[in-house]
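Thanks for coming, everyone. I'd like to walk you through one structure today.

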Amino acid sequence: MSVPQVIVIAGTHGNEINAPWLLEQWIKDPELINTHGFRTSKVIGNPEALKVCKRYLHSDLNRSFRLKYLDDIYIQDYEVIRARELLAIYGPNGSNSCQLAIDIHSTTSAMGTSLVVYGRRPSDLAIASLLQSKLGLPIYLHEGDETQQGFLVESWPCGIVIEIGPVPQGLLHANIINQTRLTLEICFEELAKVSSGSAQFPKTTVIHRHIRSIDFPRSKDGKIEALIHPHRQGKDWIPINNGEPLFLSLDGSVVTFDEDKSLVPVFINEAAYSEKKIAMSLTQREVLYFSDSWKESLKNLFI
Ligand SMILES: [Zn+2]
């Protein structure tokens, strides 16, 4: 049985500096994180943006993995060039090919330690389920959003995003670094169990399925007119019900959540999303029954 090579990517967004710091320490001290024998490629996603502590130089690297960008030679944004480069080296058919991608981010939102999976690829769901059952991590299942596409991990046969916050952009924070390290360690520990056939997969997995994103109230010229209501700020993963406060304007008027069904907000007030006109994303909490096909799909990476 072969063991998949894992690409661990940090600094896909150049102003999220905690994971790159951890990665540098790990490169200096390979014992820092026990990979249980898995070979890893430790890669800074967007090194040029990291140097200047900006999310990106020309365009968001984590939206640059769309085939229509990758295949279009006229697109010469730094991030699209970098996406092509990462795939040429570490992609499933690259010179140093990896089969599994772990992309580590931080957020200004109070997401805690959480996982993001894109779509319902069985192997992604399998590994997310293992991490949830071990660490109790919430899972954001991002799918069906035409305006947000081209995520990095989708270019590998299996991939998840670890998203940890809150932490300001450009700020090193020991707790965030420790949480990142712990999550990576458990990830390799669980992968090792998959490899040895001793992994205990849960019967059910709770996911938060993306429904839609909502913008701040804005004036005609695009300026933000109301802020996240203080009762909602920092309440990621906590359901919001009809009539509860959502936004607050300076004159004291309150915009309430106006929907019959309760939904669960995530990425509330993420600093990087203001440019995308996203004040928060709304999700629906659902229970998925674990399918053997998920397990088989993950195991197939080891063949
Ligand atoms: Zn990020």
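Let me begin with a question: which residues in H5 meet which residues in H7?

First, a caution. This is a predicted model.

Now the overall picture. The protein has seven helices and 12 strands. Its C-alpha trace spans about 65 × 45 × 40 Å along the principal axes. A compact globule of 303 residues would have a radius of gyration near 19 Å, and the protein has 19 Å, so the two agree. Of those 303 residues, 40% count as buried. Take the contacts with a separation of 6 or more: residues 24 or more positions apart account for 71% of them.

Back to my question. On the H5 side, the residues are Pro122, Ser123, Leu125, Ala126, Ile127 and Ser129. On the H7 side, they meet Ser293, Trp294, Lys295, Ser297 and Leu298. By class, that contact has six nonpolar, four polar and one charged residues.

How do the two helices sit? Two packed helices are described by the angle between their axes and the distance between the axes. H5 covers residues 122–135, and H7 covers residues 292–299. They pack at an angle of about 100°, with their axes 7 Å apart. That makes H5 roughly perpendicular to H7.

H5 has another partner. That is H6, residues 174–196. The axes of H5 and H6 come within 10 Å and cross at roughly 120°. The crossing is right-handed. From H5, the contact uses Leu130, Leu131, Lys134 and Leu135. From H6, it uses Thr183, Ile186, Cys187 and Glu190. The classes here are five nonpolar, one polar and two charged residues.

Stay with H6, and bring in H1. H1 runs over residues 18–28. What is the angle between H1 and H6? It is about 60°, with the axes 9 Å apart. The two helices are therefore oblique to each other. This crossing is right-handed. Asn18, Ala19, Trp21 and Leu22 of H1 meet Ile176, Ile177, Thr180 and Arg181 of H6. That gives five nonpolar, two polar and one charged residues in the contact.

Let's look further at H1. Which of its residues are buried? They are Asn18, Ala19, Pro20, Leu22 and Leu23. Asn18, Ala19 and Leu22 also came up in the contact with H6. What do the buried residues pack against? H6 is one of the elements. The others are strand E1 (6–10), strand E2 (40–44), helix H2 (47–51) and strand E3 (100–106).

Next, the loop between H1 and E2. Thr35 is found there. Is Thr35 buried or exposed? It has 20 C-beta neighbours inside 10 Å, so it counts as buried. Leave aside its neighbours within four places in sequence, and Thr35 is in contact with Thr40 and Phe188. Now compare Thr35 with Ala192. They are 157 residues apart along the chain, yet their C-alpha atoms are separated by 8.3 Å.

His36 lies in that loop between H1 and E2 as well. Its phi is near 55°, a positive value in a residue other than glycine. His36 has 16 C-beta neighbours inside 10 Å, so it counts as partly exposed.

Lys277 is in the loop between strand E11 (264–266) and strand E12 (280–289). With 14 other C-beta atoms within 10 Å, Lys277 is therefore partly exposed.

Find Pro166, in the loop between strand E6 (158–165) and H6. The peptide bond from Gly165 to Pro166 is cis, with omega near 10°.

To recap the helix packing. H5 meets H7 at about 100° and H6 at roughly 120°. H1 meets H6 at about 60°. Thank you, and over to you.

Definitions and conventions
Residues are numbered from 1 along each chain as its sequence is written. This is a predicted model: local features need pLDDT of at least 70, side-chain atom pairs count only at pLDDT 80 or more; totals for chains, interfaces and linings use all residues. Axes are lines fitted to C-alpha atoms, for helices over the stretch in contact, and angles run from 0 to 180 degrees between N-to-C directions. Helices (H or I, at least four residues) and strands (E, at least two) are DSSP runs, numbered from the N terminus. Angles under 35 degrees count as roughly parallel, over 145 as roughly antiparallel, 65 to 115 as roughly perpendicular and the rest as oblique. A crossing is left-handed if the near helix is turned anticlockwise from the far one by less than a right angle, and right-handed if clockwise. Two residues are in contact if their C-beta atoms, placed from the backbone, lie within 7 Å. Ala, Val, Leu, Ile, Met, Phe, Trp, Tyr, Cys and Pro count as nonpolar, Asp, Glu, Lys and Arg as charged, and the others, Gly among them, as polar. The radius of gyration is taken over C-alpha atoms; the globule rule is 2.2 Å times the number of residues to the power 0.38. A residue is buried if 20 or more other C-beta atoms lie within 10 Å of its own, exposed if 12 or fewer, and partly exposed in between; C-beta atoms are placed from the backbone.
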